[in-house]
Amino acid sequence: MRGKVTEIVKPAVQLRNVSKSFGGNVALSPLSLTIKRGETVALVGPSGSGKTTLLNIMATIIKPDRGEVIIDGVPSQNLKPGRELSRKVGIIHQQLDLVDQLPVIHNVLAGRLGEWGICRSLLSLMIPQDKELAFKALNRVGLIDKSHQRTSRLSGGEQQRVALARLLVQRPQAVLADEPVSSLDPARAEDLLAMLTDLVREENQTLIASLHAVKYARRYFSRIVALRQGRVFFDRPVSDVSDDDLARLYDLKEDADAQALL
Ligand SMILES: Nc1ncnc2c1ncn2[C@@H]1O[C@H](COP(=O)(O)OP(=O)(O)OP(=O)(O)O)[C@@H](O)[C@H]1O
Ligand SMILES: [Mg+2]
């Protein structure tokens, strides 16, 4: 008799008792978190609550003082930097890390750096390779007409979309984004979040993004993880998060404050 094949789905990202201090300042207290493949998770919480630190730990950019980080079933210390890591996690930092002087297309192609050897990567700065893939990504984010423009000439919102196209080319299993819409006006912010969440759902990727505007978390994400002083304050499906939870998280006292945020 043929045995039933049971697929064991490994969590996209798992943190076990992870902590991090900078000098004497505790950024994260021992914290555990499991994020399944395909989830869209918004990280919210007051300034200084540890969101960026947590994202950088998940991206293996900073090492926790204690605890384990497991990416797609592999302990982070066993992940080889370069190709293997870049297929598993990709991060858009708040400062985007684009090279201003280069044309847009080269910045998008930089998404392939983890996959290419160093020689090919250096070459790509002069001769665009895998152009088709990069053009497709630029088309997807609505910037095909700006492919050859110098990146510094683009608006803040357009640069956010270049960073998104770079991530599309990298195609990591888990997309991490640190305040991806912080510099955008409300309409552009909604556009970018709608695009980002559609793209990750189409590809069955996992998305973990920090946000200051909770209303976006509620509209576009499936789960909210709230941090406060380096601890998980609550962790729930979006539908179970009440205005009261959020008012407590941010210590909102006035109705006007709550209206602006929620
Ligand atoms: N490189 C660093 N050196 C020293 N302290 C740091 C460093 N990075 C973060 N911290 C401290 O760790 C704590 C958490 O910072 P973190 O940047 O993770 O917060 P955050 O939630 O992302 O805040 P924000 O919403 O303002 O971006 C803060 O107290 C911060 O001052
Ligand atoms: Mg931050």
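**Reading a predicted protein–ligand model**

Student: What share of the protein chain is buried?

Tutor: A residue counts as buried under 20% relative accessible area, as exposed over 50%, and as partly exposed in between (1.4 Å probe, protein chains only). In this chain of 262 residues, 49% are buried. The model is predicted: local features need pLDDT of at least 70, side-chain atom pairs count only at pLDDT 80 or more, and totals for chains, interfaces and linings use all residues. Residues are numbered from 1 along each chain as its sequence is written, chains are lettered from A and ligands numbered from 1 in the order in which they are written, and side-chain values use heavy atoms, with hydrogens and water left out.

Student: How many helices and strands does the protein chain have?

Tutor: Helices (H or I, at least four residues) and strands (E, at least two) are DSSP runs, numbered from the N terminus. The protein chain has 10 helices and 10 strands.

Student: Which residues come nearest to ligand 1?

Tutor: A residue is near a molecule if one of its heavy atoms lies within 4 Å of it. There are 13 residues around ligand 1, and the nearest are Ser-47, Gly-48, Lys-51, Thr-52 and Thr-53. With Ala, Val, Leu, Ile, Met, Phe, Trp, Tyr, Cys and Pro as nonpolar, Asp, Glu, Lys and Arg as charged, and the others, Gly among them, as polar, the shell has 3 nonpolar, 8 polar and 2 charged residues. Helix 1 gives the most to this shell, with 3 residues.

Student: What lies 2.5 Å from an oxygen atom of ligand 1?

Tutor: A polar contact is a pair of N or O atoms within 3.5 Å. The 2.5 Å pair involves an N or O atom in the side chain of Ser-47. Ser-49 has a backbone N or O atom 3.2 Å from an oxygen atom of ligand 1, and Glu-179 has a polar side-chain atom 3.4 Å from an oxygen atom of the ligand.

Note on methods:
Polar contact = N/O pair within 3.5 Å; in protein donor to acceptor, adjacent residues only side chain to side chain.
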